[in-house]
Amino acid sequence: MTSSVSSVSTSRPALDGGLRRPAPHELLGLTSPAYGGDYNPEQWDEATFAEDLELMAEAGVNLVSLGIFSWARLEPREGSYELDWLVEIVGRLHDAGIAVDLATATASPPAWMATDHPESLPMSADGVRLGLGSRQQYCPSSTVYRERSAALAEVLAERLGDHPGVVMWHIGNEYGCHTAECFCPACARAFRAWLTDRYGDVERLNAAWGTDFWSQRYTSLEQVCPPAAMPTFHNPAQLLDWRRFSDHQLRSLMEAEARILRAHSSLPVTTNFMGDFPATDYWRWAESLDIISDDSYPDPADAAAAHEVAWAGDLMRGLADGRPWILMEQAPGAVQWRRRNSPKRPGQFLLWSLARVAHGADGVLQFQWRQSRQGAETFHSGMVPHAGRAGRTWDEVVATGRALKRLGPVLGEPVCAEAAVVLDWDSQWALSSTIGPVEPGERFEAARAWHRSLWEAGIATDIVPVRADLAGYRLIVVPEVFIDYPELARNLEGAAAAGAQVVVAGPTGVVDTDAGAVLGGYLGSLRPLLGVRVTDHAALSGPVGQDDSRGALVNRVSRAVGTPAAETWMGLEAVGESLRRVLDQMGTPAPDLRAGGWAEEVRIDEAPGGVEAGQGQEPVEVVAVFDGRSGGADLAGRPAITRRPVRGPGAAWYVAADLDAVGRAALLRLVCAHARIRPVVADLPDGVEAQRRGEILFLLNHGDRAAEVAGIVGTDLISGEVCTGHVVLAPRSALVVRSRKLG
Ligand code: GLA
Ligand code: ZN
């Protein structure tokens with residue numbers, strides 16, 4: 001077999017401390033996208049290993065992740081290492097042309113660590129030490145875990161850091177996946193040390209946490225504890241700092257290993273992310289990594305799974321600063337950890353693999369190569385299933401390997417998006433740490449919803465941090481960025497002044513970085529740009545308690561009391577022609593604008609502050625008002641969507657309600673028209689997504705029916721056929737065409 005991963009020494013540019021950040025294919029010496037998966041040969045015998053090499057050749061595997069859960073085999077007794085078996089496997093894979101993404105193996109400590117050092121086990125918020133027999137059973141502050149994991153990384157780097165078969169380092173595995181926080185005494189001490197660094201003295205902590213509320217004032221930092229089990233609500237600032245600390249603690253483990261690896265080896269390092277995993281601020285993690293990689297498991301039983309693929313891909317590209325990234329894990333078929341574990345539908349494995357590439361992946365790896373025969377993941381699919389080569393999974397695995405092999409021209413090609421959605425972990429933590437104003441989701445629901453609306457409309461979209469350089473974007477959506485960031489406001493003002501459309505949706509700019517409320521009207525530093533301020537929140541609560549709808553027949557007093565706040569939606573009405581026309585064109589049943597349970601009372605500022613001196617006096621237009629239907633009764637006539645022209649085409653829109661899918665789609669149509677943003681391919685049939693990387697166009701038919709697309713001219717990279725205009729995509733299939741962008 002010839003490998004598409006060439007030898008390390010000739011093709012990989014040296015890393016230079018992160019100043020120059022080459023793309024993954026340069027770092028790994030790839031000539032086609034990486035393909036393979038987690039490989040756990042220690043679970044199998046020699047005959048199986050030999051068969052694996054043959055099957056990997058048949059499937060076109062060129063990269064495997066090795067050793068992720070091998071610590072117990074590599075260091076069977078504390079301080080005594082057995083690496084020969086691993087070195088031999090790396091060598092045999094290398095001889096077979098398969099490169100290795102070598103794990104530092106620190107994801108799951110061996111039994112001796114738990115039995116000889118029980119304090120290394122993590123503690124739950126209730127004070128329970130978690131037991132041995134699963135995985136990731138370590139406290140992130142544990143000295144012994146820190147020392148032993150660092151030592152193991154060093155031993156591996158020394159022994160295998162310049163082995164020609166190893167092309168990258170895989171640090172740990174899914175940090176925080178099971179143990180994102182630990183409430184043990186060591187973590188309490190580490191938390192205090194972190195707070196001491198942050199605040200210097202106890203009075204500054206008292207001020208930041210507002211401890212005069214509920215008599216929480218501390219007289220010494222030694223009194224401060226993690227927010228473990230408590231009688232009632234925690235202090236939001238304490239919880240927010242705890243989340244930052246817990247993230248920092250995990251990140252410091254990864255960074256310690258990265259430093260050791262870099263001291264001994266010039267190979268790039270990665271750790272596998274988990275999409276928008278709530279506990280870890282990946283914007284920060286990404287700064288320490290050479291290659292961004294992701295694990296992603298959309299549920300085939302969810303009609304929005306294709307959006308999950310797009311969302312995760314756009315996020316990883318953002319984390320990689322616009323460069324390509326690698327899909328480190330997906331399931332070839334079903335997972336085993338949901339209540340119901342649906343297999344991928346025929347064609348979906350290849351389709352979603354290509355969709356990852358369309359969103360910037362230059363590698364597609366799976367969990368795992370061979371389905372385990374024992375253990376907790378026995379019924380999680382593998383590239384080689386229990387049934388072996390019999391069955392659909394293997395056929396699709398081989399077909400996907402073949403397809404990826406043809407996609408060399410995609411490597412390194414950028415996705416060019418003119419729209420961006422701002423995403424901020426710290427805001428998500430602040431929102432979920434505060435008590436009210438609503439029960440928040442944990443996973444960026446608003447950002448996902450706006451991103452999905454753009455994706456469904458066919459608009460290529462980047463996901464960016466609050467500190468991003470926004471120059472060049474024509475549309476920037478800021479959904480539910482709960483913390484007020486003056487720097488973001490300045491960048492948005494700059495973008496709007498340069499002609500961009502800025503769409504801000506609440507609740508945004510509600511608290512400062514200590515979770516303290518913004519005074520004088522929410523939106524804080526965004527008020528001058530938007531020309532509005534939020535004077536109160538007006539959330540609905542939805543149906544409460546038992547259904548007593550017939551109570552009005554007999555309940556003489558309470559039947560006269562209106563409770564709009566108990567409804568689940570509220571109506572909006574477009575003001576003026578533009579939005580109403582869009583709604584009419586969309587052909588939805590009626591021009592019906594609705595929001596869900598979130599709304600705000602908004603006041604328009606008479607003389608909004610200047611975006612730039614002399615530019616600030618444009619009046620704010622009301623685009624839609626609450627119309628009083630359902631839960632919106634008390635807001636009737638008040639602004640729900642506003643628009644403030646800034647300069648030229650530039651404008652700042654504010655959305656004071658959580659618009660439903662129809663409302664978001666309508667508003668985005670209008671905003672995209674102002675921004676002059678067009679879909680990647682216009683007028684696509686239902687089910688078809690289009691994405692572009694440079695000159696390469698991806699047409700992805702997620703639908704259950706064949707779809708016809710006109711105007712596609714170019715060469716199909718996978719089949720080699722020439723498309724001369726009209727193409728037909730089978731259900732759940734894709735076309736990857738090299739074709740110039742038209743118009
Ligand atoms: C995660 C882990 C893998 C495996 C898969 C199963 O992504 O990293 O080890 O457990 O989940 O879906
Ligand atoms: Zn701990």
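**Figure 1. Arg317 and its salt bridge with Asp462 in the predicted model.** With a relative accessibility of 2%, Arg317 counts as buried. Asp462 is also buried, at a relative accessible area of 14%. The closest N and O atoms of the salt bridge between Arg317 and Asp462 are 2.7 Å apart. Because Arg317 belongs to helix α12 (residues 305-319) and Asp462 to strand β11 (residues 461-464), the pair ties together parts that are 145 residues apart in sequence.

**Figure 2. The salt bridge between Arg251 and Asp247.** Here the closest N and O atoms are 3.7 Å apart. Arg251 and Asp247 are four residues apart in helix α10 (residues 236-264), so about one helical turn separates them. Both residues are buried.

**Figure 3. The salt bridge between Asp605 and Arg603.** The closest N and O atoms of this pair lie 3.6 Å apart. Asp605 is buried, with a relative accessible area of 9%, whereas Arg603 is partly exposed, at 44%.

Figure 4. A polar side-chain atom of Glu377 is 2.2 Å from an oxygen atom of ligand 1, and an N or O atom in the side chain of Asn173 is 2.8 Å from an oxygen atom of the ligand. Taken alone, ligand 1 exposes 310 Å², of which the protein buries 96%.

**Figure 5. A nonpolar surface patch.** Phe213, Trp214, Phe233 and Ile435 make this patch of about 460 Å². Ile435 is found in the loop between α15 (425-433) and α16 (445-456). Ile435 is partly exposed, with a relative accessible area of 42%.

Terms used. Residues numbered from 1 in each chain as written. Chains lettered and ligands numbered in written order. Predicted model: local features only at pLDDT ≥ 70, side-chain atom pairs only at ≥ 80, totals over all residues. Heavy atoms only, no water. Polar contact = N/O pair within 3.5 Å; in protein donor to acceptor, adjacent residues only side chain to side chain. Areas by Shrake-Rupley, 256 points an atom, 1.4 Å probe, with all protein chains shown as cover. Patch = residues over 30% accessible without salt bridge, like charges linked within 9 Å, V, L, I, M, F, W, Y side chains within 5 Å. Salt bridge = Lys/Arg side-chain N within 4 Å of Asp/Glu carboxyl O. Helix = DSSP H or I, 4+ residues; strand = E, 2+ residues; numbered from the N terminus. Buried < 20%, exposed > 50% of the residue type's maximum accessible area, 1.4 Å probe, protein only.
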